[in-house]
Amino acid sequence: MKPGLKSIPGPILAKFTDLWRFYYTRNGTMKEKIQELHHQYGTLVRLGPNVVSISDARMVEDIYGIKAEFPKSARYTTSQAFIDGEIVHTVFGTQDKTEHSKLKRPVASIYSMSSVASYEPLVDSSIVKFVHTLNERFISTGKICPIDQWFQYLAMDTISVILMSRPMGFIDQGRDVDSLLEHLYHDFNRRLHFGIFPRLDRLLTKNKLVYWFFGNMTPRVFLKASQLLGERNEIRKGKDNEIFPHEMGRDFTSRFLEQKQKNPDGISDRMLLAYITLNIFAGSDTTAVTMRAILYYLMKTPRVLSNLRAELAAANLPFPAPFSLTNKLPYLNAVIKEAMRIHPITGAELFERVVPASGLRVRDSDLVIPEGTTVGVTGWTVHFDRRVYGADVAVFRPERWMREEKESEEAFRERMDRMGRADVRFGKGSRSCLGRHVAELELFKIIPVLVDLLEFEMDPPDKEWEVEYLFLSKQTGMDVKIKWRQGIAKEEILG
Ligand code: HEM
């Protein structure tokens with residue numbers, strides 16, 4: 001045990017073995033356990049012999065801020081790909097700062113706001129298909145819609161279209177195509193559990209010997225991406241503008257190939273496939289969880305729903321509305337932020353980082369957490385810090401992100417700064433979400449469509465969702481009745 005850790009409280013077993021953490025992670029109660037332990041012990045809690053959870057929102061900056069040099073913990077190595085017997089380092093999974101920069105530099109511009117704008121027509125195509133399909137399958141038949149699943153279909157097809165101009169076929173088929181979702185789910189959970197024992201992951205799932213005996217264990221998502229990419233390249237070959245006229249937008253692959261032309265040595269074809277697969281992993285379930293959270297809290301909070309509808313009505317948006325209009329709507333902005341605050345994306349995990357040689361000084365204390373300790377925060381504690389977000393942290397109240405009537409401009413700015421510093425919706429610092437603009441493009445386009453055109457009601461109305469806190473905080477049980485809103489000219493929408 002490291003001397004500086006001795007004074008940090010926590011369950012006795014957790015101080016001696018990581019099996020304590022494994023037990024609660026495995027049975028899905030780790031998220032609640034972390035919250036409960038912080039209530040009991042305060043802002044620092046030992047979750048393992050070398051793992052400390054921190055709930056003081058002020059320390060987010062100390063760990064993840066621009067000046068902090070805390071590398072990711074070994075947990076993330078479980079997210080390195082293992083393809084054809086070789087470990088392929090990914091921008092998400094690597095711990096090494098230099099390697100991270102090397103992997104990120106050639107592609108960073110592809111995720112920038114200006115590149116992302118070119119994906120908008122592709123997102124539109126997905127949204128139009130989604131609304132048509134909801135109408136055919138549920139609205140016109142009166143059948144109950146498991147919208148939690150349908151959001152995942154939408155998210156998968158949309159990210160796939162953004163990446164390769166080809167949907168995976170989830171919306172068309174209305175089912176788990178090639179069991180990809182099931183595969184993703186198991187893969188995430190493998191990473192979650194092995195993440196507690198990363199050496200075991202390396203030994204069992206990234207092992208040349210195992211590969212030699214059992215053959216190719218290339219993930220199914222990788223194979224699917226490879227197939228779609230082949231189809232895409234075949235269609236686009238030599239006639240890019242005919243098949244995909246400019247107004248259809250340029251996909252991630254087009255952007256990637258442009259970068260490759262500029263930098264032929266730095267970017268390989270294998271890298272393209274690795275990026276596409278990483279984006280499918282990082283950018284599908286996450287967006288679906290967020291869409292569910294937004295719709296659920298809107299259904300459960302009629303006051304907010306009607307405020308949002310008033311804002312959308314006043315904006316008189318076309319279908320589907322351009323991102324350049326929707327992202328300027330203040331109430332919509334506040335609704336999206338608040339849903340992501342109250343329903344953070346991760347489940348059982350901390351955003352784990354390793355304390356560097358300088359140690360980590362604990363706020364309002366003389367304690368310094370020693371070098372080598374794994375530390376981290378989770379949205380489930382820092383987003384609920386009353387000193388930052390107010391006494392009503394448990395309430396879905398988008399107004400907390402807006403200026404109050406009697407609040408001075410300065411006080412408002414100061415409050416927003418404080419909230420911003422504690423905000424880990426998209427992570428924080430140099431390892432924060434690379435796909436944030438892509439995710440926001442999707443959210444700012446789909447939410448106005450759903451809220452402005454359609455009426456959703458849980459079936460039965462007082463039903464609550466179920467949430468499983470594993471790799472992500474994934475919701476199920478969102479069975480809804482869907483109707484067109486009164487006064488909507490659905491024929492115009494459906495064309
Ligand atoms: C609402 C949807 C999304 C949420 C809430 C979200 C959240 C996050 C969070 C919290 C992290 C940091 C994780 C950590 O430090 O452990 C992260 C990283 C990342 N995300 Fe997202 N994400 C979303 C959508 C996307 C999309 C659409 C893409 C791709 C197009 C994407 C790509 C990535 C990548 C590549 C990283 C790793 C960045 C690095 O380590 O440098 N994400 N995301």
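1. Which residues is Val-60 in contact with, leaving aside its neighbours within four places in sequence? In this predicted model, the partners of Val-60 are Val-377, Val-382, Arg-421, Ala-422, Val-424 and Lys-428.

2. Now step back to the whole chain. The protein has 25 helices and 13 strands, and its C-alpha trace spans about 70 × 60 × 40 Å along the principal axes. For 495 residues, a compact globule would have a radius of gyration near 23 Å, and the protein agrees with that at 23 Å. Buried residues make up 42% of the 495 residues. Among contacts with a separation of 6 or more, 75% join residues 24 or more positions apart.

3. Finally, have a look at the ligand. Of the 21 residues around the ligand, Ala-282, Gly-283, Gly-427, Cys-433 and Gly-435 come nearest. Two or more residues of the shell come from each of helix H16 (269-283), helix H17 (285-300) and helix H24 (436-453). H16 supplies the largest share, four residues. By type, the shell divides into eleven nonpolar, eight polar and two charged residues.

How values were computed: Residues numbered from 1 in each chain as written. Predicted model: local features only at pLDDT ≥ 70, side-chain atom pairs only at ≥ 80, totals over all residues. Near = placed C-beta within 6 Å. Nonpolar A, V, L, I, M, F, W, Y, C, P; charged D, E, K, R; others polar. Rg over C-alpha atoms; globule rule 2.2 N^0.38 Å. Buried ≥ 20, exposed ≤ 12 C-beta atoms within 10 Å, placed from the backbone. Contact = placed C-beta atoms within 7 Å.
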